[in-house]
Amino acid sequence: MKKIVKFISAVLAIVNFALCLSACGEKENGLYTWYGRKIEVDNVLRVTLDMGNGKRETLVPFELYRALFLYYAEKVPDFTTVNGELHETTDEERTDAAKSLTEEELTDYYAVLECARDAGVDVDDILGRDYAKIYKSFVTDADADKSYEEMLESLDMTHEYFVFNCCKSELEKALKSAVSSDIEDYTNRNFYHMKQIRITYDIGDGSSRSSAKNEIESVLSALESGEDFDVFVEKYADEDYKSERYIDTDGGIVGGGTLSQDISDILRTLDIGEHSGITEETVSDKKGAFVIIKRENIDISFLCGADDTAAHMYSYQSADASEYTPHYLAYATLLDAYKQNLAVAPVDEKIYSHIAADTLY
């Protein structure tokens, strides 16, 4: 009898040792039990939308859920304050936080997706784009693959999370455009898009001023002969000022600051696509500048995008953010209705309960 007990104990010890080895080994992407067995799973959540015209369901792929969960799990702080006391974040707390943030993000995403679909947006085209390839096409470095990987590393993103964000951004952009047919004209009535060519000189130095004036006159002559304004914008770009700005009708610069009265007055007289003559302005106690400005169109592809300046102009009627635009109100109200009528639930409660900070790789 003692031999049998010893034999069983030995077998259990070997099994436990094997389980430990499997749990500690290098794991491929996936979901695992606490003892290291991989769980096969295709879809994690079921998203149900009911806008009163029949329910529609979408399944959330495991790979998408995994990409978001791992991203947010890494963002959870290592220490948490509870009742005024600091303690180390537990795996359970990290799991709960990551699940909550992941599912909040997915709710927003699927609300945008379904709202855009109903607004006539070709969502399949947006979801089917190769965003890594698109990014690489903008990279001038010969080693585009390396630059892409470096970009992901610098943003602490995986490829899957990057693609998800690209899809969401493009869906939001397309939806904004779809629900705001006159947004371009509206914005061009409330904001100015300005580019400028500026050549500085040292105040009190006649030679410096004369040289700058000759140079700006040469630029103006070239512009009047048909040269591209942007060529000179790039040539005279300066880190000390923004050569491209968006200004409201009161001269407030989107992002902060106020345009000088002289430049603001000239800008108001320009038609879209027209450039000014030469204007002189004081930059500081020691610097002056000769300036040529041009008024540009504010196109809808920019306005509905994710750029902070564009988002501000889409949402607010002025640079100081005092009042919402009718377009933003329509967009936000519609999207909120979809979010309120969207429910997210696990496809399989047992599998869902296995998802944790120490079981998802």
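**Close-ups of rings and charges**

**View 1. Tyr-35 counts as partly exposed, because its relative accessibility is 26%.** On this scale, buried is under 20% relative accessible area, exposed is over 50%, and partly exposed lies in between (1.4 Å probe, protein chains only). Trp-34 is exposed, with a relative accessible area of 72%. Please note that this is a predicted model, where local features need pLDDT of at least 70, side-chain atom pairs count only at pLDDT 80 or more, and totals for chains, interfaces and linings use all residues. Residues are numbered from 1 along each chain as its sequence is written, and side-chain values use heavy atoms, leaving out hydrogens and water.

View 2. Trp-34 and Tyr-35 form an edge-to-face pair, because their ring planes stand at 90 degrees, with the centres 5.2 Å apart.

**View 3. Tyr-109 and Tyr-110 are also edge-to-face, because their planes meet at 85 degrees, with ring centres 5.0 Å apart.** Rings of Phe, Tyr and Trp (its six-membered ring) pair if their centres lie within 6.5 Å; planes under 30 degrees apart are stacked, over 60 edge-to-face, and the rest tilted. Tyr-109 counts as buried at 6% relative accessibility, and Tyr-110 counts as buried at 6%.

**View 4. Ring pairs join Tyr-71, Tyr-72, Tyr-109, Tyr-110, Tyr-161 and Phe-164 into a cluster.**

**View 5. The charged end of Arg-198 sits over the ring of Tyr-241, 3.9 Å from its centre.** Here "over" asks that NZ of Lys or CZ of Arg be within 6 Å of the ring centre and within 35 degrees of the ring normal. The charged end of Lys-176 sits over the ring of Tyr-331, 5.7 Å from its centre.
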